[in-house]
Amino acid sequence: MFAYKAIYVIVLREFTRFFRQRGRLVVTVARPLIWLGIVGAGFSGLVDTGGDESYLKFIMPGIIGMTILFSSVFSTISVVWDREFGFLREMLVAPVSRTTIVMGKLFAGSALSVFQGALLLLVAPVLGVELTVVKYLYMLLLMIMVSLSMTAMGLVIASILDSLEGFNVIMNFIVLPMFFLSGALYPVDSLPFPLDKVTYVNPLCYGVDSFKHILLGTKGTLVAELPLYLDIVVVSLFTAAMIVIAAISFSRK
Amino acid sequence: MSIIEVIDLKKSYDGKEAVRGVSFSVNEGETFGFLGPNGAGKTTTINILCTLLAPTSGRATVSGIDAMKDPHGVRTQIGLVFQEVTLDNELTAYENLKFHCYMYGMERRLTQERIAEMLAVVGLSDKASERVKSFSGGMKRRLEIARGLLHRPRVLFLDEPTLGLDPQTRSHVWDYISELKRTEGNTVFMTTHYMDEAEACDRIAIIDNGRIIALDTPEALKSSLRGDTIYLSTDDDRLAEREIRERFGLEVKNIEKKGLSFLVEGGESFIPELFSALTVGIKSVNLKRPSLDDVFLHLTGKQIRDEEVAPKRPGRPGNMNR
């Protein structure tokens, strides 16, 4: 059913493009550092961390979640972009199934996100997060999981959109709220009534929580709030659902 | 043997009929042209044949494979050059071609050989590692034509292959197409609204308003008009007009200040006759053989060139999710 060569070359193309577009590279490196440096440092004075725990350390898992969310959703812009500039047609007339094309885009977007997350994770020790090789490997697995879910969601969005303008709307009404209500910047428990419930509907919340399990542990105040197995189950189910929807909506074209 | 078979193909968008029952067949190895103004249904037909669009009704087969029942099978048989550029500007020429080869599941060794071969034919070997964004329109077109033939398709579809190119580049691109046709020997199906390009086809179907109104070789279509046009300018056009009408019984058009024109069979031998028959002094005489434009004019009452405006994209499958 899948043409592995086609999937490979679609992934290769996205990586080639990524490294050729200088602006994108700069944004990728700068965005999480800006959040950590400016927002993290600014908030750390306001948030009561209950003792000697560092706020900067606390937001590290959230910033990795943000990097993956932004990178994944943005990489799926390439679908809209390809449609706008005609390249999608070159893929659509090739003798491969639509699902193959969806898988190619999914792996491409996810791989780029994992790549960025893995780089950012190297900064963690600087912020006082204890990082061992084993933890790093666990994080890699979880990042792959979260990246697949966010990219699959991005593909669903991209399959619905038919213009680049629409992506701004998506950024403001889906991606930013998803980030703010993911437990990335403040513990979900500290949120007032409707917001905490909304947060638990957000799949990214479970992804970020799984990162907290590895990086922050479960003992203390600013730590993981949900069971790890629940995080994994929710994110996996969400990913599966999104992949199916994306595949269906692409094969209708 | 016919490699493309189309029977009573129809396609409507939101109740508007773009293709209204088209039937034709294309022989293997032939260059077949679809000639008509913008919006006539050319691109829609090509998109159905290339499995990018499903027809409302009718049947289309490419090399014996039904385009609706087995689109995948058809896609392995065809190469396609779209109206608009569909290259990745960020990639190099080589990378664009490599992408294509992998999408078509070609062997790695064959890939390199084939890319080198095709780049050489379109004269872009020395540009292989340059990014496409630095290419001119003509170079992009050549690269796309090379790309369309990489996987050795049995039919190459060219949708307005020279749209938006200047005349010199157009004839250049056209040279490459004929060269490729010679070396690759595949069937070419093309759409165009340029007369000179249609002339180069083995057979053409003239399409207007979603219907085929004529289908034959360019020669046969032109001779179907049965007559050459003679343009005449004299010292006294009115008198000359009356004399031609009375002497030869011909329908004469008199265009103010431009002179007379009329249609006559065997124009060359008619001119001496005309000279001896007229009593007025002749200033100039001009004979024009019928062109495809005249054929189109004759069949539809309008000129293709009148409609040659900015290219629009009817039924662009890029927006198929609407």
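Between chain B and chain A there are five salt bridges, a salt bridge being a side-chain nitrogen of Lys or Arg within 4 Å of a carboxyl oxygen of Asp or Glu. This is a predicted model, in which local features need pLDDT of at least 70 and side-chain atom pairs count only at pLDDT 80 or more, while totals for chains, interfaces and linings use all residues. Residues are numbered from 1 along each chain as its sequence is written, chains are lettered from A and ligands numbered from 1 in the order in which they are written, and side-chain values use heavy atoms, with hydrogens and water left out.

**Interface of chain B with chain A**

- One salt bridge joins the side chains of A:E90 and B:R147, at 3.4 Å from N to O.
- Polar contacts between chain B and chain A number 11 residue pairs, both residues being at pLDDT 80 or more; such a contact is a pair of N or O atoms within 3.5 Å, where within protein one must be able to donate a hydrogen and the other to accept it, and residues adjacent in sequence count only if both atoms are side-chain atoms.
- On the side of chain B that touches chain A, the elements giving two or more residues are α2 (71-77) and α3 (93-103) of chain B; helices (H or I, at least four residues) and strands (E, at least two) are DSSP runs, numbered from the N terminus.
- The largest share of this side, seven residues, is supplied by α3(B).
- By class, this side of chain B holds 14 nonpolar, 10 polar and 12 charged residues, where Ala, Val, Leu, Ile, Met, Phe, Trp, Tyr, Cys and Pro count as nonpolar, Asp, Glu, Lys and Arg as charged, and the others, Gly among them, as polar.
- Chain B contributes 36 residues to the contact and chain A contributes 32 residues, with contact meaning heavy atoms within 4.5 Å.
- About 3,100 Å² is buried between the two chains, and carbon and sulfur atoms give 59% of this area; buried area is the accessible area (1.4 Å probe) that two parts lose on being put together, summed over both.

**Sheet of chain B**

- Four strands of chain B form an open sheet in the order β2-β1-β4-β5, with antiparallel pairing; two strands pair if DSSP finds at least two bridges between them.
- Strands β2 (16-27) and β5 (65-66) of chain B stand at the edges with a single partner strand each, so one side of each lacks a neighbour in the sheet.
- Nine bridges join β1 (residues 2-13) to β2(B), and B:Y13 has B:K16 as its bridge partner in β2(B).
- The hairpin of β1(B) and β2(B) has two residues between the strands, and B:D14 takes a positive phi near 45 degrees there.
- Five bridges join β1(B) to β4(B), where B:I4 is partnered with B:V62.
- Two bridges link β4 (residues 57-62) to β5(B), in which B:D66 stands opposite B:T61.

**Domains and salt bridges**

- Chain B is divided into domain 1 (2-217) and domain 2 (226-289), with bounds from an automatic or database domain assignment.
- The C-alpha centres of these two domains lie 44 Å apart.
- Over all chains, the count is 29 salt bridges.
- B:E30 and B:R203 form a salt bridge with their closest N and O atoms 2.8 Å apart.
- This pair links distant parts of the chain, 173 residues apart: B:E30 lies in the loop between β2 and β3 (31-35), and B:R203 lies in strand β9 (residues 203-208) of chain B.
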